[in-house]
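Subject: Structure handover

Hello,

Here is the structure I promised to pass on. Please open it alongside this note; my findings follow below.

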Amino acid sequence: MNLIFLVFISIPKSLYFNLKYFPVKTALHFPVLINYRTELKTLKGKIILPSKSSFGLVKIGFSGSYALGGGGKILL
């Protein structure tokens with residue numbers, strides 16, 4: 001499947017995650033992208049980003065993600 005299409009259909013879940021963890025101004029830059037097929041079970045914890053975060057700085061559930069692709073689970 002085309003990567004641009006995957007990112008597009010993953011926007012709702014990514015927006016929810018980013019708004020949960022970051023201020024609105026930071027969240028709207030989508031520093032964390034979550035694949036639409038990734039299951040979010042527990043959203044606890046803390047995420048610290050560099051002061052200058054950019055779109056897609058962290059990708060979870062996309063192929064090429066470090067040890068996170070292929071249906072891996074992350075508990076935060």
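Helices (H or I, at least four residues) and strands (E, at least two) are DSSP runs, numbered from the N terminus. By that count, the protein has three helices and two strands. Their order from the N terminus is α-α-α-β-β.

Two notes on the source. This is a predicted model: local features need pLDDT of at least 70, side-chain atom pairs count only at pLDDT 80 or more, and totals for chains, interfaces and linings use all residues. Residues are numbered from 1 along each chain as its sequence is written, and side-chain values use heavy atoms, with hydrogens and water left out.

Overall picture

Buried means under 20% relative accessible area, exposed over 50%, and partly exposed in between (1.4 Å probe, protein chains only). Of the 76 residues, 30% are buried. A contact means heavy atoms within 4.5 Å. Among contacts with a separation of 6 or more, 57% join residues 24 or more positions apart. The protein exposes about 5,500 Å² (Shrake-Rupley method, 1.4 Å probe; for residues, only the protein chains shown count as cover). Carbon and sulfur atoms supply 63% of that area.

Cores

A nonpolar core is a set of buried Ala, Val, Leu, Ile, Met, Phe, Trp, Tyr and Cys residues joined through side-chain atoms within 4.5 Å. The largest has eight residues: Phe17, Tyr21, Phe22, Ala27, Val32, Ile34, Leu43 and Ile60. Another core, of five residues, lies apart from it and includes Leu6, Val7, Leu33 and Phe62. In soluble globular proteins, nonpolar side chains tend to be buried together.

Two buried polar residues

Ser10 sits in the loop between α1 (3-9) and α2 (11-21). Ser10 counts as buried because its relative accessibility is 1%. A polar atom of its side chain lies 2.7 Å from the backbone oxygen of Leu6. Beyond residues up to four places away in sequence, Ser10 touches Ile34, Asn35, Tyr36 and Phe62.

Asn18 is in helix α2. Its relative accessibility is 0%, so Asn18 counts as buried. Leaving aside neighbours within four places in sequence, Asn18 contacts Ala27, Phe30, Pro31 and Val32.

Best wishes

Note on methods:
Polar contact = N/O pair within 3.5 Å; in protein donor to acceptor, adjacent residues only side chain to side chain.
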